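I opened this notebook to look up the annotated positions and their surroundings. The entries below follow the order in which I checked them.

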Amino acid sequence: MADESGFSKGLAGVVADATSVSQVQGEVGRLIYRGISIEELAEKSTYEECVYFSLYGKLPNQNELNKFNAEMKANRVLPKTVEAVIAAAPRSAHPMSILQAAVAAMGFDENPVNLKNEEHNIHNAIKIISQLATAVARISRERRGLAAVAPNPELSHAENFLYMLNGSKPNKEEAHIFDVALILHLDHDFNASTFAARVVASTEAKLSLSISAAIGALSGPLHGGANEKVLEMADAIGAPENAKAWVANALATKAKVMGFGHRVYRTMDPRAKVLRGMLEKLVATKKEKDTYETLRIVHDSMIEELSKTSKDYIWPNVDFWSGALYRLMDIESIDFTPIFAVSRVAGWSSHIIEMWRDNRIYRPAAKYVGPADVKYVDMKNRK
Ligand SMILES: CC(C)(COP(=O)(O)OP(=O)(O)OC[C@H]1O[C@@H](n2cnc3c(N)ncnc32)[C@H](O)[C@@H]1OP(=O)(O)O)[C@@H](O)C(=O)NCCC(=O)NCCS
C-alpha cells in the first residue's frame, strides 16, 4: 500500500492482478492451490496431478491423468542445442545461471506467442516443465564430471529426476518425500519469480523467455536462493552446541537469518511444517543428524528470542527445512535452488497461461525524484 512517500516500496500490499492459481493466506498460515490446501494435496496427490490441476484448473480424471503423464514422459529428452548450451558452460558457473541459459535455449524453435491458442500454450508449458527437470539433473552431473543419465519412462517425474541426478533409482520412501517437496514448491501466488514471469509474458514474449526470467528472479538469496544459504549457515555454525550462541549473536548484530521471514506470512509457513515432518522421519533413519540438530536449535532459538521482541511476526519459511531434507538424500547444496525451479516452473507456466486469457502489459508508474530541468554541459566545459 502506498505510504506518505506516494508509493509502496517492494510493491508490499499492492494487488497487481487477479489469479485463481493459488492463494497465500498469510495471517493464518494457509496455502491453497485452486482452492485445495497444500496439506491435503501433499497427502493425497502427486506432483503430476498437481501440475495438471494447476495448468488446466480442474483435477484430471484417470484418462486425462494417464494422457498427461504420457505427454510429460514423452517430452523429457533435451534438444541437442540445449545439451550444447549446458556443455559449453564453465563448471564453476552457478547452476541457476546455466539453467537460465538452458531454458532460454529451449525456446530456440518456439513459435511467436499466440494468446488465442491456449491448448498449444499448455503443450508448450508441459514440454518446458518436463525438460527443465532433465536440464537440472544434467547440469549437476556435468559439474560433478559425471556422464548424463537418460530419462527413464518407467518412472514418475520425481523418481525420474532423482534417477537422472544420482544415476540410480531412489527407494520408494525418498521418491515419495521428494514428490511431496515438489508439490509444496509448485506455486505461491505473486512471489517475486512468478511476478517476473508474468511481467515478461505480459509483453507477449515467448514462454521460454518468460520462464528464463523467472529463474533469474528465483536465484536470489532473498527468494529461492535462500535454501542453499540455510545450509551454508548450518555448515558455518559447525555443530549443534554452537547454534544457540550463534542465534544470539545474529539477532544482536541484526544479521538476516536465512530461511526466516516472509512478506506475506505472519505465522509459520505451512510448507515448512510439512517439510519438517518429513525431515524428522527421514533423519530418524540416518546416521548423520548434526545438520538437522543444528537447524532445529536455530529454529527453536529464533522463535523463542523473536517472541520476546516486536519482530514476533518473523517465522520460518519453506526454505528453512528443504535443504536439510535434500542433503539427507545426498544432494549437493548448490543444486537446491535449481530443484526449487523443477517444481515452480509449473506455477510460472500456470500464471502465464491464466494471464494470457486477458492480457495487458505490466507497466506501473514511478515517482520521479530527480531534478526536472538540468542544462546539458558540453564535454569541454565539464570538470
Ligand atoms: C523474505 C524477506 C525477503 C521478506 O522481506 P520483506 O518483506 O521486505 O521484509 P523486511 O526485509 O523489510 O523485514 C522486516 C524487518 O524484519 C527483519 N527481518 C526480516 N527477515 C529477517 C530474517 N530472516 N532474519 C532477521 N531479521 C529479519 C528485517 O531486518 C526488518 O527489520 P527492520 O524493520 O528493523 O529493518 C526477508 O524476510 C528475508 O530476507 N528473509 C531471509 C531470506 C529468505 O529466507 N528468503 C526466502 C523467502 S521464502
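Entry 1. I looked up the UniProt record, an unreviewed entry, and found that its "active site" annotation covers His262 and Asp319. Such positions are given in the numbering used here, feature names are shortened, and annotations may be inferred rather than shown by experiment. The two residues are spread over 58 residues of sequence, yet they cluster in space, with a largest C-alpha distance of 10.7 Å.

Entry 2. I noted the basis of the values. This is a predicted model, in which local features need pLDDT of at least 70 and side-chain atom pairs count only at pLDDT 80 or more, while totals for chains, interfaces and linings use all residues. Residues are numbered from 1 along each chain as its sequence is written, and side-chain values use heavy atoms, with hydrogens and water left out.

Entry 3. I located His262 in the loop between helix H12 (243-252) and helix H13 (270-284); helices are DSSP runs (H or I, at least four residues) numbered from the N terminus. Beyond its neighbours within four places in sequence, His262 is in contact (heavy atoms within 4.5 Å) with His188 and Arg271.

Entry 4. I placed Asp319 in helix H15 (residues 318-328). Asp319 counts as buried, because its relative accessibility is 6%. Leaving aside neighbours within four places in sequence, I listed its contacts as His223, Gly224, Ala226, Asn227, Val230, Gly259 and Phe340.

Technical notes. Helices (H or I, at least four residues) and strands (E, at least two) are DSSP runs, numbered from the N terminus. Buried means under 20% relative accessible area, exposed over 50%, partly exposed in between (1.4 Å probe, protein chains only).
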